[in-house]
Amino acid sequence: MQPSSKEYHITSLVIHADPGHIGQVSSAISLLSGTEIHASTPEGKLVVTIEADNQKALLDQVETINRLSGVLSSSLVYHQVETLSH
């Protein structure tokens with residue numbers, strides 16, 4: 001029997017939101033599984049990380065963020081994949 005391996009993904013994004021909706025956008029992102037907001041500015045910039053067990057889950061969260069009302073754009077800054085063996 002071979003040991004199973006599991007992936008662990010982490011990515012960071014810079015989100016640009018409408019400054020008038022920064023509170024709503026921040027609240028919505030905070031409710032998403034695996035997300036954390038590390039910084040925000042009054043001008044509507046947010047630094048967000050997302051952690052997930054697979055690439056699909058990670059991309060689903062990015063797409064969800066991009067579709068939020070008040071989000072103008074997002075830019076991927078960093079993405080790392082680790083393979084964990086059990």
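Modeller: Buried means under 20% relative accessible area, exposed means over 50%, and partly exposed lies in between (1.4 Å probe, protein chains only). This is a predicted model, where local features need pLDDT of at least 70, side-chain atom pairs count only at pLDDT 80 or more, and totals for chains, interfaces and linings use all residues. Residues are numbered from 1 along each chain as its sequence is written, and side-chain values use heavy atoms, with hydrogens and water left out.

Biologist: Why is R67 called exposed?

Modeller: Its relative accessibility is 60%. The cut-off for exposed is over 50%, so R67 counts as exposed.

Biologist: What makes R67 and E63 a salt bridge?

Modeller: The term needs a side-chain nitrogen of Lys or Arg within 4 Å of a carboxyl oxygen of Asp or Glu. For R67 and E63 the N to O distance is 3.8 Å, so the pair qualifies. R67 and E63 are four residues apart in helix α2, so about one helical turn separates them.

Biologist: Which other pair sits four residues apart in helix α2?

Modeller: D60 and K56, again about one helical turn apart. Their closest N and O atoms are 2.9 Å apart, so they form a salt bridge. K56 is exposed at 56%. D60 has 32%, so D60 is partly exposed.

Biologist: How do you know that K6 and D53 form a salt bridge?

Modeller: Their closest N and O atoms are 3.9 Å apart, so they fall within the 4 Å limit. This pair links distant parts of the chain, 47 residues apart. K6 is in strand β1 (residues 5-17), and D53 is in the loop between β3 and α2. K6 has 36%, so K6 is partly exposed. D53, at 44%, is partly exposed too.

Biologist: What makes a nonpolar core?

Modeller: It is a set of buried Ala, Val, Leu, Ile, Met, Phe, Trp, Tyr and Cys residues joined through side-chain atoms within 4.5 Å. The largest one here has 16 residues. I15, L46, I50 and I65 touch the most other members. β3 gives the most, with four residues.

Terms used:
Helices (H or I, at least four residues) and strands (E, at least two) are DSSP runs, numbered from the N terminus.
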